[in-house]
Amino acid sequence: MKVSKFTVADVALERSPGQEADIFVGNLVDERQGGPITIGYGRYAPGQSLTETIEVDDVMIVLEGRLSVSTDAGTVTAGPGAIVYMPKGEAVTIRSHEEGALTAYVTYPHWRPAHA
């Protein structure tokens, strides 16, 4: 794979696997291109919630809106420009606020095979 630039217009969003909430994800780089990481965008509609145990190391960058990420250790709230790191094995609840959120993410290794 060569150097690439992406925008949210490049991604095809789909409902986040295993979720019924209005939370959508779209990979731009993943195992299909042969690299070691997954890169993509996520869109959270207003007032949505996702609870799961993180199966890969996950970095989420908030581009628009606000999200709160809760664990047994507490809650962090992140807005535009904030980066949230969620380590593999951590049980999290991610909640979008009234404006929803647009995020970019990077995972290692690839999250889709880990959810299969």
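Trainee: How much space lies in the largest cavity?

Mentor: The model is a predicted one, and in it the largest cavity holds about 290 Å³ of space.

Trainee: What makes this space a cavity and not a pocket?

Mentor: A cavity is a set of points where a 1.4 Å probe fits but cannot get out, whereas a pocket is an open set. With 30 Å³ or more required, the count comes to one cavity.

Trainee: Which residues are closest to the centre of the largest cavity?

Mentor: They are Ser16, Val25, Tyr44, Glu52 and Asp58, out of 20 residues that line the cavity.

Trainee: Which elements each supply at least two residues of that lining?

Mentor: Strands S2 (23-29), S3 (38-44), S4 (49-53), S5 (57-71) and S8 (91-108) do, together with helix H1 (111-115). The largest share, four residues, comes from S8.

Trainee: Let us turn to Ile83, in strand S7. Why does Ile83 count as exposed?

Mentor: Exposed means over 50% relative accessible area. Ile83 has 60% relative accessibility, and therefore counts as exposed.

Trainee: Which residues does Ile83 touch, not counting residues up to four places away in sequence?

Mentor: Ile83 touches Val59, Met60 and Ile61, where contact means heavy atoms within 4.5 Å.

Key:
Residues numbered from 1 in each chain as written. Predicted model: local features only at pLDDT ≥ 70, side-chain atom pairs only at ≥ 80, totals over all residues. Heavy atoms only, no water. 1 Å grid on protein atoms, 1.4 Å probe; cavity = no way out; pocket = protein on both sides within 12 Å on 5 of 7 lines; lining within 4 Å. Points joined across faces, edges and corners; volume = space filled by probe spheres on them. Buried < 20%, exposed > 50% of the residue type's maximum accessible area, 1.4 Å probe, protein only.
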